Amino acid sequence: MLYQLFWFLATCCTFVVNALWLCCNFASVGIPWLMLLLFLVCIGSKFVKLKSPTDDVVLSMLSKNEKQRDANEALFWPIVNRGGAFDAPENSLAAINQCVAQRCQKILLDLGITGDGKAIILHKSTLEKANVNEPMQKLNFNFFDNFNISEHHPLGQLFQPEKVLTFEKLLKLLESSEMTVFLLASQINSTLLEIVRETAAKRPIFTKRIIFCCSSPLAIYQLRQQCPDLVCGLWMERSCFTILPRYLNTSTILLSIVGAIYRNIIAPVIGVSLVFIHKDEFNAQISTLWKNVGVRPIVYTINSPNEKRYFQQVTKTLYLTDSLRSEPQLIFKPKRK
């Protein structure tokens, strides 16, 4: 019995040693080829690289109002997610007006498309609150004629009933305003890209007041090929690594490699100017690495006053917030007479 147990353990040890030896052989052969492949990709990316908008253009869209402030005030104003989803009905005209009234000119809105090809400012969460289980892409625009976006918001009773804001109405609003709108397209399809492409080509206000954002590098590349003046932001989903096995999902080395590919290959090729990073995956080193390749990081979603002070005063990084109620007092100072 002991002899059989010893023989079994020896067999297992031999198998493990042989497996490790085989892996080492594969690695010794594969790593040089992998390095060669990455080298060829880096060279090839130089020929398809799109030139990003100048830094002056991006700064003019991000900090046009901050130049008038005192040096003691905050260096960076927040970007208000959906117009302040905690303070007013998300993606509504009331939310936009509330931001403007509080002198916050940077607003992120969601861009969607209906089943009949109409671009609207709406997020799927608004439909879910109204117990509408159909995807937005399967609903025709006439469905939203009687849809009140204020009805199912926790503070909806404080606001007047309001219809869904259309993309065309948003463009008209921007013609008489100084807002900078970050337009986030969560669902990308050919119809939506064609609408954005035509609008950017025919309406100069689009490239002057709108920063197009999405999580698809390919969509951004296709748009900027036709509209090189378009300022774009890449949305890095926190859940992009959840599809990996658990033992890989927690690998710092793997995350570093993926981040390096995005920073050094994908971002320069598609010519993005901004990148949205989840706060749990952001630190000062990540910020420096992105800035070194000419891309400004934006952190989401920051709602705590202490966190906001940290990003304003320590890292000096733009951040996305759901509410202006929690802004530090150093931002909302009373106006001097």
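Asp87 is buried, with a relative accessible area of 5%, where buried means under 20% relative accessible area, exposed means over 50%, and partly exposed lies in between (1.4 Å probe, protein chains only). Its side chain meets that of Arg325 in a salt bridge, 3.0 Å from N to O, a salt bridge being a side-chain nitrogen of Lys or Arg within 4 Å of a carboxyl oxygen of Asp or Glu. The structure is a predicted model, in which local features need pLDDT of at least 70 and side-chain atom pairs count only at pLDDT 80 or more, while totals for chains, interfaces and linings use all residues. Residues are numbered from 1 along each chain as its sequence is written, and side-chain values use heavy atoms, with hydrogens and water left out.

**The chain as a whole**

- The secondary structure comes to twelve helices and ten strands; helices (H or I, at least four residues) and strands (E, at least two) are DSSP runs, numbered from the N terminus.
- Of the 337 residues of the chain, 44% count as buried.
- The chain exposes about 18,900 Å², and carbon and sulfur atoms supply 60% of this area, as computed by the Shrake-Rupley method with a 1.4 Å probe, where for residues only the protein chains shown count as cover.

**Salt bridges**

- Side chains of opposite charge can pair when their charged atoms come close.
- By the rule above, the count comes to eight salt bridges.
- In contrast to the buried Asp87, Arg325 is exposed, with a relative accessible area of 63%.
- Glu168 forms a salt bridge with Arg203, the closest N and O atoms being 3.0 Å apart.
- This pair, too, links distant parts of the chain, with Glu168 in helix H5 and Arg203 in the loop between helix H6 (190–202) and helix H7 (204–209), 35 residues apart.
- Glu168 is partly exposed, at a relative accessible area of 36%.
- Arg197 forms a salt bridge with Glu194, with 2.7 Å between the closest N and O atoms, and the two residues are separated by about one helical turn because they are three residues apart in helix H6.
- Salt bridges that share partners join Glu168, Glu175 and Arg203 into one network.

**Helix H3**

- The buried residues of helix H3 (residues 93–101) are Ala95, Ile96 and Cys99.
- Seen down the axis of H3, these residues fall within an arc of 100°, so they line one face of the helix; the arc is that of the directions from the helix axis to the C-beta atoms.
- Just after H3, Arg103 takes a positive phi of about 65°.

- In strand S5 (residues 180–185), six of its six residues are buried.
- In a regular strand the side chains alternate between the two faces of the sheet.
- Both faces of S5 are covered, with Thr180, Phe182 and Leu184 buried on one side and Val181, Leu183 and Ala185 buried on the other.
- Six bridges join S2 to S5, and these strands run parallel; two strands pair if DSSP finds at least two bridges between them.
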